[in-house]
Amino acid sequence: MSLEKELLAQSRRLTETLGIAEPILGAPMWGASSPELVAAVSNAGGLGILPVQSMTGEAIVEAAARVKALTDRPFALNIRVEDRHPSTAQATQAVFDALEPLREELKAEPVIPAWPSFEEQFEAILASDVSAVSFSFGGPREVYAEALEARGIMMIGNVNSTREAKVLRTAGCHVIVAQGAEAGGPRQYFENAPEASRIGLMALLPPVVRVAGSIPVVAAGAVMSARSVLSCLMLGACGVELGSYLLRTKESAWTEAMKAQIAWCDDATTRLTTYTNGRETRVLPTGLAAALADAGVPSAGYPGQWLAQEAVYEAARTQDRLDLLEMPMGQAAQVAPAGGAEEALNKIIKEVKEYLGEMNAD
């Protein structure tokens, strides 16, 4: 079998599992993955994934309906599993109180928002009738897995280590996403400590592929070109998940001011911090996180840190106060293309196929 046919057969394991045309997933980027961006990924042949993070059940159903109005192709919803050691009300309040002067300056609402229950969000996901559900920060408990299986809904899990891949394999996930340390956004760890979960994609991918067995593995982290897609396939991945690659597109929900910052970054710009949402997250460093750290205000943990800062984030976004925002992005984000998302995806898909054809010719 030629290398081209071998890699195509490999990618078909993913596309046939998820019922999509191209072996590409759109990363569930809270604050960036709009229904329009999710639909664009699906319309390009991949699987768009909409994050629900703090959305109420009603908001989830409405958002899913918006995606369905824009595409008739499969897409997924991403839900975050409850943390084993969630933040406390006291820790959340301490961060909230420390930000009072800043809220007054921004004229932000002095309110800590409520966090919906996992059960409320899960029921809304079932009511939304999507083709797949993506789980962050852990795998589905048996009762949830059984509910999804009964409806023929595919389960996608995310890992930072081979140990976690074994857990998701046992949990019955149909696809496993291996997230390298290069990736933007929150880390996916749930079995290992954060400091033991900072594994680069090239080191993480082969062992995850090995322990996943017949389960298709998707690579995530600094995948920004056709050559990086092929590198992942050569290491055993069946497809890739694109996040930062789509941040500058017109469908991204980031403001124009936020998008403009991306081109000024380089490979050493981003940092891992717990001061933006409470979970170790790769972000563009901003003044707010640094100020809280310098002031000695302990991070409240997830999701308390995000809840304590949500009012500030909302006000800062409307006022283009980039120094006060959470701006998750990967280490290679600076090469992200502008323009339409579908056009950007079609370009990378076309180039991958051209490279595969050249391999076969050789």
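A: Here is a walk through the cavities, one after the other. Keep in mind that this is a predicted model. Rolling a probe the size of a water molecule over the atoms shows where empty space is left. In this structure, the count comes to 2 cavities of 30 Å³ or more.

Let's begin with the largest cavity, which has a volume of about 480 Å³. Its lining is made up of 37 residues, and those nearest its centre are Ala27, Pro28, Met29, Gly184 and Gly185. If you sort the lining of the largest cavity by class, you find 20 nonpolar, 14 polar and 3 charged residues.

Now let's move on to the second largest cavity, which holds about 40 Å³ of space. You can find its lining in your view by picking out Gly26, Ala27, Ser33, Leu37, Val38, Val41, Gly48, Ile49 and Leu246. Here the elements that give two or more residues are helix H2 (35-43) and strand E2 (48-51). Helix H2 provides the largest share of this lining, with 3 residues. By class, the second largest cavity is lined by 6 nonpolar and 3 polar residues, with no charged ones.

Terms used. Residues are numbered from 1 along each chain as its sequence is written. This is a predicted model: local features need pLDDT of at least 70, side-chain atom pairs count only at pLDDT 80 or more; totals for chains, interfaces and linings use all residues. Side-chain values use heavy atoms; hydrogens and water are left out. On a 1 Å grid over the protein atoms alone, a cavity is a set of points where a 1.4 Å probe fits but cannot get out, and a pocket is an open set with protein on both sides within 12 Å along at least five of seven lines; lining residues have an atom within 4 Å of a point. Grid points are joined across faces, edges and corners, and a volume is the space filled by probe spheres set on the points. Ala, Val, Leu, Ile, Met, Phe, Trp, Tyr, Cys and Pro count as nonpolar, Asp, Glu, Lys and Arg as charged, and the others, Gly among them, as polar. Helices (H or I, at least four residues) and strands (E, at least two) are DSSP runs, numbered from the N terminus.
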